[in-house]
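Here are a few friendly notes to read alongside the model. Please keep the structure open as you go through the points.

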Amino acid sequence: MELQQLRYFRTAAQMENISRAARYHRIPQPSMSKVISALERELGMPLFEREGNRLRLNQQGRLFLREVDKASNRVENELHISMKN
């Protein structure tokens, strides 16, 4: 699992749309889809319910997003503390 995958996942979850998330990160939509699919394969579970172009986090996706947010906040706090010293 790579940090970039988690960033892409987080954006797709917030926007509920792969195409918009891809535009936000300035990557092609097929690349964004591949990253999300690879993350789901690596985790061994789907994270989204797909409804046409729209994505909705399923229960596993909501739990995973919470953990990604917690980890991201910890990293940001650690960086902030280390930059103060």
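1. Let's start with the pocket. Helix H1 (3-15) and helix H4 (59-84) each supply at least two residues of the lining of the largest pocket. Helices here are DSSP runs (H or I, at least four residues), numbered from the N terminus.

2. A word on the basis: this is a predicted model, where local features need pLDDT of at least 70, side-chain atom pairs count only at pLDDT 80 or more, and totals for chains, interfaces and linings use all residues. Residues are numbered from 1 along each chain as its sequence is written, and side-chain values use heavy atoms, without hydrogens and water.

3. Which residues line the largest pocket? They are Leu3, Leu6, Arg7, Arg10, Thr11, Val68, Ala71, Ser72, Val75 and Glu76. The space in this pocket is about 250 Å³.

4. Next, look at helix H2 (residues 18-25) and helix H3 (residues 29-43), which pack at an angle of about 105 degrees with axes 8 Å apart. H2 is therefore roughly perpendicular to H3 (the term covers angles of 65 to 115 degrees). H2 brings Ile18, Ser19, Ala21, Ala22 and His25 to the contact, and H3 brings Gln29, Met32, Ser33 and Ile36 (contact means heavy atoms within 4.5 Å).

5. Finally, the aromatic rings: Phe9, Phe48 and Phe64 form one aromatic cluster. The whole structure holds two aromatic pairs (rings of Phe, Tyr and Trp, the last by its six-membered ring, pair if their centres lie within 6.5 Å).

Key
Axes are lines fitted to C-alpha atoms, for helices over the stretch in contact, and angles run from 0 to 180 degrees between N-to-C directions. Angles under 35 degrees count as roughly parallel, over 145 as roughly antiparallel, 65 to 115 as roughly perpendicular and the rest as oblique. On a 1 Å grid over the protein atoms alone, a cavity is a set of points where a 1.4 Å probe fits but cannot get out, and a pocket is an open set with protein on both sides within 12 Å along at least five of seven lines; lining residues have an atom within 4 Å of a point. Grid points are joined across faces, edges and corners, and a volume is the space filled by probe spheres set on the points. Rings of Phe, Tyr and Trp (its six-membered ring) pair if their centres lie within 6.5 Å; planes under 30 degrees apart count as stacked, over 60 as edge-to-face and the rest as tilted.
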